[in-house]
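This briefing goes through one protein structure, topic by topic. Please look at the sequence and the structure first, then read the points below.

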Amino acid sequence: MKKLPFKLIGMMLTAICTINAAAQAQYPTIANVDNILVQDLQTLTSTSHQGRKSGARSPNISAQYIFDAFKQIGGNPSYQHFTFRAGIFSKDAGHNITATLPCTQPRCDKAIVISAHYDHLGTSGQRHYPGANDNASGTAAMLHIARQLSKTNRSRDILFVATDAEERGLHGAKYYAKHLNREVELNINLDMLGINNNNRLFALFSPGFKEYKTKLQSKAQSPIKLTIVSSQRQIERYTNNPRVDWHKASDHYAFYRQGIPYIYFGMGEDKHHHTTRDTLDNMDLNKYQAGVNLINDFILSLTRSPLDSTS
């Protein structure tokens with residue numbers, strides 16, 4: 001092998017260092033974020049997952065990925081198939097993924113449901129809609145929380161549902177909530193957790209539901225601002241957008257219609273919403289991890305058993 005001139009070697013090393021620096025600038029906080037959480041985000045937003053569009057006759061690659069993740073933690077997952085109207089004379093198929101981590105005590109509190117929709121807009125020609133914030137962020141957070149809960153003793157059943165066809169009318173959540181055949185205390189819905197430059201995470205409580213507000217407030221931590229709101233008027237003051245009815249804007253509304261109170265976690269408005277620029281590049285992973293940690297700690301406080309040595 002012919003030896004390279006020292007000058008050329010120096011130029012190559014400089015180029016390598018420049019490439020590494022650019023990669024670190026692109027994801028400057030990745031070292032501070034849970035690796036599996038990042039892996040879930042990268043996988044769900046990849047081109048191989050084709051934008052996670054709903055409507056296929058069988059569960060798509062994203063549904064299968066979520067199913068396998070629940071299976072790995074002993075969540076006993078299953079598919080919940082449903083159909084929904086796609087036009088005047090046509091119907092499409094949807095596929096929720098459900099899982100359960102059962103109570104580990106002789107006497108158990110009422111179950112809670114943790115939900116996040118995994119569907120997005122798909123692809124259109126050469127245009128790929130990754131849906132990083134909407135809603136790979138909520139789906140990955142739900143899987144992360146499920147992994148943490150699987151390691152604890154639990155004082156109640158924890159039900160999980162990754163819903164399909166949210167983007168087309170909350171169809172997956174409506175079907176799941178309508179067919180719940182058990183008493184549930186609360187829905188915790190995760191949708192768009194990619195906290196923006198305002199560092200704000202909203203926790204929207206369903207009208208009239210006041211329980212757990214103090215407990216949640218005690219979990220507030222920097223670098224994000226936890227803002228607890230209970231009405232459309234309150235959240236409008238922060239978002240300055242009266243056009244969005246946050247009470248009805250995501251899957252939590254389907255549970256509310258069935259008489260189940262909710263707490264909805266989300267960042268509010270995102271300028272990249274429903275565009276091809278809803279990518280991981282436009283998410284601050286450090287802030288996202290902080291928001292996920294806050295929600296995780298809150299849910300653990302609702303579910304931790306006295307048998308758990310960490311409580």
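How many disulfides does the structure hold? The structure holds one disulfide. The model is a predicted one. The points below start with that bond, then turn to the sheet and the helices.

**The disulfide**

- A disulfide is a covalent bond between the sulfur atoms of two cysteines.
- Here the two cysteines are Cys103 and Cys108, with their sulfur atoms 2.1 Å apart.
- The disulfide is left-handed, because the torsion about the S-S bond of Cys103 and Cys108 is about -90 degrees.
- Cys103 has a relative accessibility of 15%, so Cys103 counts as buried, the limit being under 20%.
- Cys108 has a relative accessibility of 43%, so Cys108 counts as partly exposed.

**The sheet**

- Eight strands make up an open sheet with mixed pairing, and their order is E1-E2-E6-E3-E7-E10-E8-E9.
- The edges are taken by strand E1 (78-85) and strand E9 (225-229); each has a single partner strand, so one side of each has no neighbour in the sheet.
- On average, neighbouring strands of this sheet are turned by 20 degrees against each other, direction ignored.
- Strands of a sheet pair through backbone hydrogen bonds, either parallel or antiparallel.

**Strand E6 and its partners**

- E2 and E6 run antiparallel and are joined by five bridges; in E6, Ala162 is the bridge partner of Ile97.
- E3 and E6 run parallel and are joined by seven bridges; in E6, Val161 is the bridge partner of Ser115.
- Eight of the eight residues of E6 are buried, so E6 is largely enclosed by the rest of the structure.

**Strands E8 and E10**

- Strand E8 (residues 200-205) pairs with strand E10 (residues 262-266) in the antiparallel sense, over four bridges.
- Ala203 stands opposite Phe265 in E10.

**Helices on the sheet**

- Helix H4 (residues 132-149) lies across strands E2 (91-101), E3 (109-117), E6 (156-163) and E7 (184-190), and H4 runs at about 145 degrees to E3.
- Helix H5 (residues 171-178) also packs on the sheet, where H5 touches E1, E2, E3 and E6. The direction of H5 makes about 115 degrees with that of E1.

**Helix H9**

- Helix H9 (residues 285-303) has 19 residues and reaches 26 Å from its first C-alpha to its last, close to the expected 27 Å.
- H9 is mostly covered, with 15 of its 19 residues buried.
- At the start of H9, a side-chain oxygen of Asp284 comes to within 3.0 Å of the backbone nitrogen of Asn286.

Technical notes. Residues numbered from 1 in each chain as written. Predicted model: local features only at pLDDT ≥ 70, side-chain atom pairs only at ≥ 80, totals over all residues. Heavy atoms only, no water. Helix = DSSP H or I, 4+ residues; strand = E, 2+ residues; numbered from the N terminus. Expected span 1.5 Å × (residues − 1). Buried < 20%, exposed > 50% of the residue type's maximum accessible area, 1.4 Å probe, protein only. Polar contact = N/O pair within 3.5 Å; in protein donor to acceptor, adjacent residues only side chain to side chain. Pairing = 2+ DSSP bridges. Axes fitted to C-alpha atoms, helices over the stretch in contact; angles between N-to-C directions. Contact = heavy atoms within 4.5 Å. Disulfide = S-S within 2.5 Å.
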